[in-house]
Amino acid sequence: MGRYVLKRIGYMFATLYVVITLTFLSMKLLPGTPFKNANRLSPVQLNQLKHFYGLDQPIPVQYVKYMWNFIHGDMGGSFQFGMQPVSQLLMAKFPVSLDLGFEAIIVGTLLGILLGIVAGLHRGKALDWGTMAVSIFGISIPSFIFAGILQYLFGVQVRWFPVAGWSGFASHVLPVISLAVYVLALVARFMRSEMVEVMSQDYIVTAEAKGLSTSAVVFKHAVRNALIPVITILGPLTAMIITGSLVVEEIFGIPGIGAQFVDSVVTNDYPMIMGTTELYAALFIITMLIVDILYGIIDPRIRLSEGGQS
Amino acid sequence: MGNLLEIKNLNVQFDIFGAHVQAVRGVSFELNVGETLAIVGESGSGKSVTSKAIMGLIPNPPGKITSGEIFFDGSDLVKYSQKQMQKIRGKDISMIFQDPMTALNPTMKIGKQIMEGLIKHQNLSKNEAKTKAAELLKLVGIPNPDKRLDEYPHQFSGGMRQRVVIAIALACNPKILIADEPTTALDVTIQAQILDLMRDIQKKTGTAIILITHDLGVVANLAQRVAVMYGGKIVETGTLEEIFYNPKHPYTWGLLSSMPKLHAKTDKLLAIPGTPPDLSDPPKGCPFAPRCPHAMKVCVDHMPDYTKLSATQKTACWLLDERAPKVDPPATIGVGGE
């Protein structure tokens with residue numbers, strides 16, 4: 001197991017390196033310059049500015065310089081924010097996005113698993129149809145529609161929760177729900193089909209033949225096995241929710257990193273684009289690693305076949 | 001010897017895609033204390049469904065017991081609720097399954113899988129159950145039981161897994177052990193070991209066994225009495241000797257003939273031509289009539305009654321009617337070597 005994790009961490013850095021390189025190159029293909037009103041500047045002024053930011057050097061040189069600084073923990077300064085260090089800017093706003101994302105993932109996953117179990121156990125009955133109908137809505141309606149509806153109903157009409165902002169529990173409820181609906185819907189669908197599949201397995205009959213109660217059969221034998229494939233989708237889903245919370249952040253006026261990312265792309269704030277992408281990439285890669293480790297914990301077959309070498 | 005289990009006129013039906021498949025049609029038999037009864041028949045004859053009905057494990061829907069009684073210990077299990085059946089299953093009646101590769105939960109240590117039943121039925125503490133589980137593993141011939149309790153099913157071979165399945169079934173000293181094709185999925189050498197083990201265990205524990213199989217070799221090895229099923233009905237029943245040396249039903253003849261023999265003069269395998277009847281529209285008469293080389297007009301229209309041939313053997317066949325022509329069993333049924 002230890003050796004497996006080490007190997008995976010090695011791959012993680014390789015992946016991150018490829019992501020940084022590709023982002024750097026494609027970013028240089030963006031049209032325009034980082035400078036406002038560039039067409040009103042004289043060529044001399046433009047060259048001075050470019051020289052100041054190191055943009056007059058050939059791209060390979062810029063790339064090597066960037067990588068060198070990056071390895072030494074320097075992600076550069078943001079063009080839009082008077083050369084404030086990118087790492088500082090990211091750390092100021094990222095925790096809010098992370099918070100929102102994880103709350104949505106946890107709420108959505110737990111409720112999704114529960115609904116999936118219920119639907120799977122009542123296959124073909126009203127409860128199943130109802131759950132799956134809700135789930136189709138959840139998957140097909142984008143989160144910003146939910147955000148708007150929730151804001152109107154619970155923020156404007158009945159005034160249970162604040163319409164916008166990010167302070168205190170009440171302000172978390174609506175944005176987290178709008179994001180969690182998709183997670184819930186997707187997880188519920190997966191969990192349902194896995195439950196149906198697992199409940200028809202021979203070892204479930206063995207468990208029943210032991211005289212175990214229905215709840216023992218379901219929770220001790222079926223759920224754990226049904227969770228294995230569900231965990232697989234949790235990795236990409238987590239990354240997607242955390243990076244995709246941008247629109248919801250905008251709607252609820254949440255001071256997250258999403259809006260800043262869009263601004264940095266629009267203004268060609270190169271260090272900021274790089275920094276945000278690196279952060280997202282790292283987050284995605286780490287989530288995948290966690291999912292793989294979780295996989296091993298739940299399924300002993302994976303744990304041992306990988307750990308056998310060490 | 002008293003009747004441990006008595007099944008009377010059991011009917012099981014499955015409603016699948018609008019059709020009513022009558023998998024078991026009026027099956028009656030009894031099981032005595034400590035004996036081994038084999039139920040033989042080809043796929044789809046209703047033998048597995050009969051065993052599941054005894055366990056109360058017919059999936060409902062689509063299946064249900066439409067009529068009949070299953071008397072165990074003086075009470076009718078058909079009338080039992082799921083809750084009541086949970087107290088019988090694994091304690092008084094337990095089951096060994098066909099495929100050991102899929103019968104164990106892949107994500108649970110086998111020790112825990114054995115202990116579950118013990119904790120539920122015998123109110124043992126975790127530690128007591130663990131000790132008992134180790135004893136059970138030893139009983140079924142698994143070396144290093146204490147260490148192996150903490151292993152997962154994928155760390156066991158097929159034969160070893162079947163031993164674990166047997167250990168689970170034996171955990172609470174059941175009065176009846178239902179073995180549904182216990183050796184079908186195993187290698188021939190392992191088959192012999194598992195059969196030896198089952199015989200050995202029966203000697204030690206005195207449990208009665210219902211052996212469901214299509215393999216007459218297994219039957220000859222283990223059973224004292226045999227019930228031959230075809231088309232959801234028992235067509236012939238008798239002691240092992242009666243069924244092997246004095247069979248009266250043409251289907252039993254066919255089964256015995258199709259057994260490969262060591263000293264056969266031809267290297268051709270004999271088969272019974274045709275396929276079993278469609279039980280969503282069961283035949284009016286004898287279900288075997290369409291495949292029977294001796295079928296008469298009456299066979300197609302009327303199901304024969306049982307003819308009692310001895311205190312233990314009875315056969316449902318029109319050939320045994322006094323008006324029927326005398327038909328001798330084919331020479332091919334001779335039991336190999338004797």
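At roughly what angle do the axes of helix α6 (residues 143-157) and helix α7 (residues 169-199) of chain A cross? Keep the question in mind as you set up the view. This is a predicted model, in which local features need pLDDT of at least 70, side-chain atom pairs count only at pLDDT 80 or more, and totals for chains, interfaces and linings use all residues. Residues are numbered from 1 along each chain as its sequence is written, and chains are lettered from A in the order in which they are written.

Start by selecting residues 9-27 of chain A, one of the stretches that the unreviewed UniProt entry annotates as "transmembrane region"; such annotations may be inferred rather than shown by experiment. This stretch is 100% helix, with end C-alpha atoms 27 Å apart. Helices here are DSSP runs (H or I, at least four residues).

Next, select α6 and α7 of chain A. Their axes, lines fitted to C-alpha atoms over the stretch in contact, with angles from 0 to 180 degrees between N-to-C directions, come within 9 Å and cross at roughly 145°. Show the residues that meet, including F146(A) and L150(A) in α6(A), and I177(A) and Y182(A) in α7(A); contact puts C-beta atoms, placed from the backbone, within 7 Å. By class, this contact has 10 nonpolar, four polar and no charged residues.

Finally, colour by domain: chain A has domain 1 (2-71) and domain 2 (88-307), with bounds from an automatic or database domain assignment. Their centres, taken over C-alpha atoms, are separated by 33 Å. Their contact takes 15 residues from domain 1 and 16 residues from domain 2.

Methods: Helix = DSSP H or I, 4+ residues; strand = E, 2+ residues; numbered from the N terminus. Contact = placed C-beta atoms within 7 Å. Nonpolar A, V, L, I, M, F, W, Y, C, P; charged D, E, K, R; others polar.
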